[in-house]
Amino acid sequence: MAISSNASPFDSIIFDLDDTLYPSSTGIDKCVKKNIQLFLIQKCGFSESEAFTLRVDLFKTYGSTLAGLRALGHDITAEEYHGFVHGRLPYDSINPDHHLRNLLCTIKQRKIVFTNSDRIHAMRSLDRLGIKDCFEQIICFETINPNLPYSTRPDEFPILLKPSLDAFKIALDAANVDPRRTLFLDDSVRNIAAGKEMGLHTVLVGKTEKSKGADYAVECVNDLAQVIPEIWANEMDGEDQTMTRTKSELEAVLACAVVGA
């Protein structure tokens, strides 16, 4: 009997990048915060104490330091900011993840990355993980903010980032996905809540308990097969039932997830 690949409730899976496809234990996030504060000190003239407070306040209010600085009238380009903040990151702390690659290769649905980071950072990170070729599309800072290079003043085009619903709308349109049949993974509680508001099925990564708006929670992305096996579900033609793609294939996926956890 023929097996259809359309029984899974998901046609597409959208993954966040930082602290989702690689763990926070790499220390990349701490380095990003340190570099942002150095940028505020060296490029904007703030004191060390001011830089820490400003970084936190701008993130809470505007979604990122860059967005906040430009909204306040600082004429800083995204290229200058990202080049400073991401250009000196210790990318060698991100190691190839063979288990994650094996897992992604068993997922037959469209796989898309949606990150607030710039494209250079996204590509370098995915390349270090060894999974760059596993994704059909990379939706990044440049995708969400296409008009920014053409601005004539800092506040002309407000920067859009997750968890802005406008950023999600642009991303979903660029990906050409149906939110009702799309699974969205992110480590941010705010991003998960926004994704749910957009109609996405949501997975909170890095936690064992679901947050508001989360349909699932996984401590590590490698746990997907254990927590959401329906990703690999198939339906037998002519019968109202679901089954695994093949028993041996799902068992292999589960084995990879256990080893890679």
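Residues are numbered from 1 along each chain as its sequence is written, and side-chain values use heavy atoms, with hydrogens and water left out. Because the model is predicted, local features need pLDDT of at least 70 and side-chain atom pairs count only at pLDDT 80 or more, whereas totals for chains, interfaces and linings use all residues.

The protein chain contains 11 helices and nine strands; helices (H or I, at least four residues) and strands (E, at least two) are DSSP runs, numbered from the N terminus. Of its 261 residues, 47% count as buried, where buried means under 20% relative accessible area, exposed over 50% and partly exposed in between (1.4 Å probe, protein chains only). Among contacts (heavy atoms within 4.5 Å) between residues at least 6 apart in sequence, 63% join residues at least 24 apart.

Six strands form an open sheet with parallel pairing, in the order E4-E3-E2-E5-E6-E7. Two strands pair if DSSP finds at least two bridges between them. The edge strands, E4 and E7 (216-218), each pair on one side only, and the twist averages 20° from one strand to the next. For such angles, axes are lines fitted to C-alpha atoms, for helices over the stretch in contact, and angles run from 0 to 180 degrees between N-to-C directions. Within the sheet, E2 pairs with E3 in the parallel sense over four bridges, and phenylalanine 15 has valine 113 in E3 as its bridge partner. Four bridges also join E2 to E5, again in parallel; here isoleucine 14 stands opposite phenylalanine 184. Strand E2 is covered on both faces, with Ser12 and Ile14 buried on one side and Ile13 and Phe15 buried on the other. Strand E6 (residues 201-205) runs parallel to E7 and is joined to it by three bridges, with valine 203 partnered by tyrosine 216.

The largest nonpolar core has 53 residues, and those with the most contacts inside it are Leu21 and Phe135. A nonpolar core is a set of buried Ala, Val, Leu, Ile, Met, Phe, Trp, Tyr and Cys residues joined through side-chain atoms within 4.5 Å. Helix H1 (residues 28-42) gives the most to this core, with five residues. Another core, of 18 residues, lies apart from it and includes Val177, Phe184, Ile192 and Leu200. Beyond residues up to four places away in sequence, leucine 21 touches Phe15, Asp16, Leu100, Val113, Leu126, Leu129, Ile131 and Phe135.

Aspartate 16 is located in the loop between E2 and H1 and counts as buried because its relative accessibility is 6%. Its side chain makes a polar contact with that of threonine 20 at 2.9 Å. A polar contact is a pair of N or O atoms within 3.5 Å; within protein, one must be able to donate a hydrogen and the other to accept it, and residues adjacent in sequence count only if both atoms are side-chain atoms. With neighbours within four places in sequence left aside, aspartate 16 is in contact with Leu21, Phe114, Thr115, Lys162, Leu185, Asp186 and Asp187.

Lysine 111 lies in strand E3 and, at 10% relative accessibility, also counts as buried. The side chain of lysine 111 reaches the backbone oxygen of isoleucine 107 at 2.7 Å. Lysine 111 and glutamine 137 are 26 residues apart in sequence, with a C-alpha to C-alpha distance of 7.3 Å.

In helix H8 (residues 165-175), the buried residues include Ala167, Phe168, Ala171, Leu172 and Ala175. These cover an arc of only 125° around the axis, which puts them on the same side of H8; the arc is that of the directions from the helix axis to the C-beta atoms. Their cover includes strands E2 (12-15), E3 (110-114), E4 (137-139) and E5 (182-186), together with helices H7 (141-144) and H9 (189-197). At the start of H8, a side-chain oxygen of serine 164 comes within 3.2 Å of the backbone nitrogen of aspartate 166. Asparagine 176, which follows H8, has a positive phi near 55°.

In helix H5 (residues 98-106), Leu100, Leu103, Leu104 and Thr106 are buried. They cover an arc of only 160° around the axis, so they are on the same side of H5. At the start of H5, a side-chain oxygen of aspartate 97 reaches to within 3.3 Å of the backbone nitrogen of histidine 99.
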